[in-house]
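Notebook open, structure loaded. I want to look up the chain contact, then the fold of one chain.

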Amino acid sequence: MRIFGVEFDGNTFTELFFIWWFCSFLVLFPVLLVMARAAKQRERRNRIERLFDETRFGADAKAKKRFRKALGLIVSDDVKFGKASRIFKRIMNKTADPLDRAYCAQWYGKCREAGGDEFYAATFYTEAVRIAPSDVFALNRLANYYHDKDYEKSERYYRQSLEYDPTETRVYFGLGKLYSRNGEPEKAIKQYETAIAVNNGYVAPMAEAAIEYAKKGDKENCLKYYLLAMANDLYEFDKLEEEIKLCLSD
Amino acid sequence: MPFGLAVAMIFAAAVILVMFAFVCSRAAEEIRLRRDAKLNIGDRVSLNRDMGAKLAYKGICAFFKKEYGKAAKHLEKAVKYSANPQNSAFCLDWMAKCYDAQEKYGDSLNCGIRAVEIAPTNVKVLFNLADRYSRSGRFEKAEYYYKSVLKYEKDNPAALFMLGEIDMGRGFYDEAEEQLKRVLEQDADFAPAAAELSVLMAIKGNYRQMGVYRDRAEAGEFKDMKRLEKRLCSIREMNALFSGAENDF
């Protein structure tokens, strides 16, 4: 028989070797595919376990299973936010416990946000906060949503979040950015300093504080926070340097 | 021999060889994993007689297989079976690692705290808890536990280095310098300490010493020399911009 222009009669050593190599490849390829798939499935299960709060839904195994299925749709390579959000909504409608309903509303909001529908996401975060006013995640997302749109609402949600969790440093940072945007540098610096006091290694507020001081023309404090950020191994220090130079030249 | 029969035999041989190689590699991996788990438990521990050790072993094997949820459950059971507080602390420490891998940092910290409460003189447990506090930015607590490590292991280089890092992070540059120099006294080739000292000297404006420690970091084969150089340049530039002083490097 002829393969790629070569005459095969099954007798010579090299021809047999070629056939053996080809057959090995035919067998090895699917085995490697199966192994890679198994590893991917394991990684997917781990990601679902990382996201899922085991304390939710009590003894309702069905709700837990559906929730995990919805999470699986989000963490897979072929992400399906729409389908996942529909499952979250269905679980929310069937669950009696308000905290679990708020949890589902939160995840529905995340799916909508990830799908680019921020307004609808904000609606569901508002719903989550209405059901469970201590839902810090939903409060923070709402504060972020209104960050560029409504200063007062954004500040209110940030403050509300801090009432329930005063150790959440990202909230102080968000408040600082809000005040900075609104032209209140003193308030912004105070929030950044609070964030640093709560989380001593949080580099972003150090960088922002340095920029605020540079805008004010306070070189001493600007340098202090710049060096502190560098001591904490700030990643994008060249960008910070450029911004400080720009602020000082203004 | 007919050609078709030859091909069929070769195909069968290929299948057998590949499956054999696959099974051998999986078996080798499983054996290595179990050996590592047993090493962590301790060679002299009898898994058949000690239920706690058996559960801990299962938990650690599951951890190495990246089945973190399952591992945490086994280890939690092992804690209940462990009569010896050191064993309980060991299991809790591994549980904390499982939660770290799942990014459940709150649970991880709680396990670490429980481990230290049960075995307050266990250096490994103290160090791991200090690390967790350090990663979450609670430097005061981290400092307390690193100093606790030093109570039992004076001049532990890792604890000294982390104390230096924490002091640098909080802006206590003189204290950081003291700690990092102590690390280099213990281990002259400890490149990360030399690198951090060079950054510290740059921050203080002592560029001569900065160069000395930079060279020591390079001699110790510090991994990220390029980035270190950039950091040092950036600090020197900004110092010069603000003070207008000449550097002495």
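I started with the contact: it takes 29 residues from chain B and 29 residues from chain A, where two residues are in contact if their C-beta atoms, placed from the backbone, lie within 7 Å. This is a predicted model, so local features need pLDDT of at least 70 and side-chain atom pairs count only at pLDDT 80 or more, while totals for chains, interfaces and linings use all residues. Residues are numbered from 1 along each chain as its sequence is written, with chains lettered from A and ligands numbered from 1 in the order in which they are written.

Next I looked up which elements of chain B touch chain A. Two or more residues each come from α1 (3-41), α3 (68-81), α8 (157-170), α10 (191-204) and α12 (225-243) of chain B. The largest share of that side, 11 residues, is from α1(B). By type, I get 19 nonpolar, six polar and four charged residues on the side of chain B that touches chain A. Nonpolar here covers Ala, Val, Leu, Ile, Met, Phe, Trp, Tyr, Cys and Pro; charged is Asp, Glu, Lys and Arg; the others, Gly among them, are polar.

Then the fold. Chain B has 12 helices and zero strands; helices (H or I, at least four residues) and strands (E, at least two) are DSSP runs, numbered from the N terminus.

Last, burial: 43% of the 249 residues in chain B are buried, meaning 20 or more other C-beta atoms, placed from the backbone, lie within 10 Å of the residue's own. I also noted a box of roughly 90 × 60 × 30 Å, along the principal axes, for the C-alpha atoms of chain B.

Terms used
A residue is buried if 20 or more other C-beta atoms lie within 10 Å of its own, exposed if 12 or fewer, and partly exposed in between; C-beta atoms are placed from the backbone.
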